[in-house]
Amino acid sequence: MYKSVSELIDLENFKESLKSYGKDGPFDHCIIDNFFKPDVAAALEADFPAFDDEVWHQYNNPIEIKRVSNIWNTFPPLTYNMFNALNSPEFLAILSEKALGGTELHADNGLNGGGWHIHKKGGKLNTHLDYSLHPKLGLQRKLNIIIYMNSNWQEGWGGALGLWGNETDEKPGDLKKSVFCKFNRAVIFDTTQNSWHGLPEPLTCPDTETRRSLAAYFLCEAPADVDERGKALFAPTKEQEGDSDILDLIKKRSDVKTAASVYDKT
């Protein structure tokens, strides 16, 4: 039953791909194709629940339309093993050495904000900065890994991960790069560099398709001047700029005390 990192991931491909980490902007990142071994990737895709399954927690408001689940007890055995492997000392040691020059990383075994993510037609995620300081552990969020699990996806449906220039910590600059959500592609990026990212344009896929991804986040010791933001900070789209209701929503969404009250505004 137990699956080691090397049974799930092509480690040589992983290590080779990490050589590109930090070589391109707008913030440190790298793209790893064929992240899981082929049979593992296919099985992990099949593990995803249906979009209407009751396991999902729903975000449905003008800045984010998606569903997520990080409940370990609902993960099938392979998915459970996979998240266990991503949080393992072996995997973290490789990331630390190959991407960060030895900076110590810590797992978030609670998968705060991570786990299964799914979007349907019309799904979106405004450009945003992720939480900075973990609300339970007091550690700084340092790296994201997102792995795409939609083998039928077509580029014309949207859903590419956009990376924006880091104009300020309050506003993104221009879109600098779009990363197609190719099946079994992993994207790893630093979240501490005003790392504005998202998919703000609604998906145009058929009703029968979903954009699916796996997400885990890795933490480090917080510097003295760490931004204490405990929730994501969203930016309005151009059409939403100046809309007082949207700006109020963004303010509440970025505050640990009020975020839950605005997740679902249907």
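Mentor: Helices (H or I, at least four residues) and strands (E, at least two) are DSSP runs, numbered from the N terminus. This is a predicted model: local features need pLDDT of at least 70, side-chain atom pairs count only at pLDDT 80 or more, and totals for chains, interfaces and linings use all residues. Residues are numbered from 1 along each chain as its sequence is written, and side-chain values use heavy atoms, with hydrogens and water left out.

Trainee: Which residues of helix 6 are buried?

Mentor: In helix 6 (residues 244-253), they are Ile246, Leu249, Ile250 and Arg253. They fall within an arc of 100° seen down the helix axis, so they line one face. The arc is that of the directions from the helix axis to the C-beta atoms. Ser244 and Lys251, on the other side, are exposed.

Trainee: Why is His134 called buried?

Mentor: Buried means under 20% relative accessible area, exposed over 50%, partly exposed in between (1.4 Å probe, protein chains only). His134 has 5% relative accessibility, so His134 counts as buried.

Trainee: What makes a polar contact between the side chains of His134 and Asp108?

Mentor: A polar contact is a pair of N or O atoms within 3.5 Å; within protein, one must be able to donate a hydrogen and the other to accept it, and residues adjacent in sequence count only if both atoms are side-chain atoms. The two side chains make such a contact at 3.2 Å. The His134 side chain also reaches the backbone nitrogen of Lys136 at 3.0 Å.
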